[in-house]
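Please read it with the structure open.

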Amino acid sequence: MSDIILEKQGGVATLIFNRPKANAYNLAFYQAFYDAVVEADKDQEIGAVIIKSSSPKFFCAGADIKEFQENSTEDNQKMVVKARETLAAIESSGKIFIAQLSGHALGGGLEILMACDLRFAAEGQYLLGLPEIKLGLIPGNGGTQRLVRLVGLSKALELLATGDTFNVVEADKWGLINRLLPADELEAFAQAYAERVASGPALAVAATKKALRQGVELSLADGLALEKELCDPLYDTHDADEGFKAFLEKREPVFKGC
């Protein structure tokens, strides 16, 4: 049984966590996760990636604490390095990564969510949180830096200083979640959104993601320079030509990613 299941349908890849009971991860899990991310990223037929869980109760409970305690510090560090590498690969990919959430996301599980570009969640009684402070640690897979960028300094510090959990309604209110949907609508919504992105102009989508992810760290002047650098070459692409033609001809464009 694989910890990670990768399915492809049309232009959408779905990456499914499959390590019962709680998708608590170890090095093998993260190696498989990394390999799946890289495979989806390299596939030119894929335009969007959904990450979800096979468990109805857990998205991901973070690191397998029992294994973490039994392992040497060196072995645990290998897992942390692979986790950081995987989440960086998600952020640097030109594809849009969508987290589909309907169960608990704790510790490293929430860090995975925050590395994704978008987070669509189901209404429910599950919890989110970064409880590392209760183990005498801090989040080590980007949790401090991604959380503060999503919810702001004051709220991030409030949550991290105690490690207390919170519910998905609160997460939605703070801006940690993009869409909060009835549970029976989540799957169809995420799939439809991913298909819409995947059918779009791949070069422009990748440029948009890069402009936002890198530009937010820059001054306005440098951000505008980055936007110009990314925008200008798109005018000479097939997809831009197709987009203009389709608009004038009042039809849906057929993009080719070139």
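Predicted model: local features only at pLDDT ≥ 70, side-chain atom pairs only at ≥ 80, totals over all residues.

1. Every value below is computed from it, and local features are taken up only at pLDDT of at least 70.

2. **Helix α1, length.** Helix α1 covers residues 27-42, 16 residues in total. From first C-alpha to last, α1 reaches 22 Å. That is close to the 22 Å expected at 1.5 Å a residue. At its start, a side-chain oxygen of N26 comes to within 3.3 Å of the backbone nitrogen of A28.

3. **Helix α1, buried face.** Which residues of α1 are buried? They are F29, Y30, F33, Y34, A36, V37 and A40. Viewed down the axis of α1, these buried residues fall within an arc of 165 degrees, so they line one face of the helix.

4. **Helix α1, partners.** The buried residues of α1 pack against both strands and helices. The strands are β1 (4-9), β2 (12-17), β3 (48-53) and β5 (96-101). The helices are α3 (73-92) and α4 (108-115).

5. Two backbone features deserve a check here. The peptide bond from P20 to K21 is cis, with omega near 5 degrees. K21 lies in the loop between β2 and α1. N23 is in the loop between β2 and α1 as well. N23 has a positive phi of about 55 degrees, although it is not a glycine. For context, most residues other than glycine have a negative phi, and most peptide bonds are trans.

6. Is N23 buried or exposed? N23 has a relative accessible area of 1%, under the 20% cut-off, so it counts as buried. N18 belongs to the loop between β2 and α1 too. N18 is also buried, with a relative accessible area of 14%. Leaving aside residues up to four places away in sequence, N18 touches M1, S2, D3, I5, N23 and S54.

7. **K250.** K250 has a positive phi of about 55 degrees and is not a glycine. K250 sits in the segment after α11 (238-248). Its relative accessibility is 80%, over the 50% cut-off, so K250 counts as exposed.

8. **N76 in α3.** N76 lies in helix α3. At 7% relative accessibility, N76 counts as buried. What does the side chain of N76 reach? It reaches the backbone oxygen of F68, at 2.7 Å. Not counting residues up to four places away in sequence, N76 touches E67, F68 and N71.

9. **V148 in α5.** V148 is found in helix α5. Its relative accessibility is 24%, so V148 falls between the cut-offs of 20% and 50% and counts as partly exposed. Beyond four places in sequence, V148 touches L153 and A156. The C-alpha atoms of V148 and E111 are separated by 12 Å, with the two residues 37 apart along the chain.

10. **Largest pocket.** About 740 Å³ of space lies in the largest pocket. Its lining has 27 residues. Nearest its centre lie E91, D117, K209, L212 and R213. The elements that give two or more residues to the lining are α3, β7 (118-122), α5 (143-151), α8 (183-198) and α9 (202-215). Which element gives the most? That is α9, with eight residues.

11. **Helix α10.** Helix α10 (residues 220-231) has 12 residues. At 1.5 Å a residue it should span 16 Å, and its end C-alpha atoms are 16 Å apart, which agrees. G223, L226 and L230 are its buried residues. Down the axis of α10, they fall within an arc of 60 degrees, so they line one face of the helix. On the other side of α10, A221, K228 and E229 are exposed. What covers the buried residues of α10 includes α9.

Terms used. Residues numbered from 1 in each chain as written. Heavy atoms only, no water. Helix = DSSP H or I, 4+ residues; strand = E, 2+ residues; numbered from the N terminus. Expected span 1.5 Å × (residues − 1). Buried < 20%, exposed > 50% of the residue type's maximum accessible area, 1.4 Å probe, protein only. Arc of directions from axis to C-beta. Contact = heavy atoms within 4.5 Å. Polar contact = N/O pair within 3.5 Å; in protein donor to acceptor, adjacent residues only side chain to side chain. 1 Å grid on protein atoms, 1.4 Å probe; cavity = no way out; pocket = protein on both sides within 12 Å on 5 of 7 lines; lining within 4 Å. Points joined across faces, edges and corners; volume = space filled by probe spheres on them.
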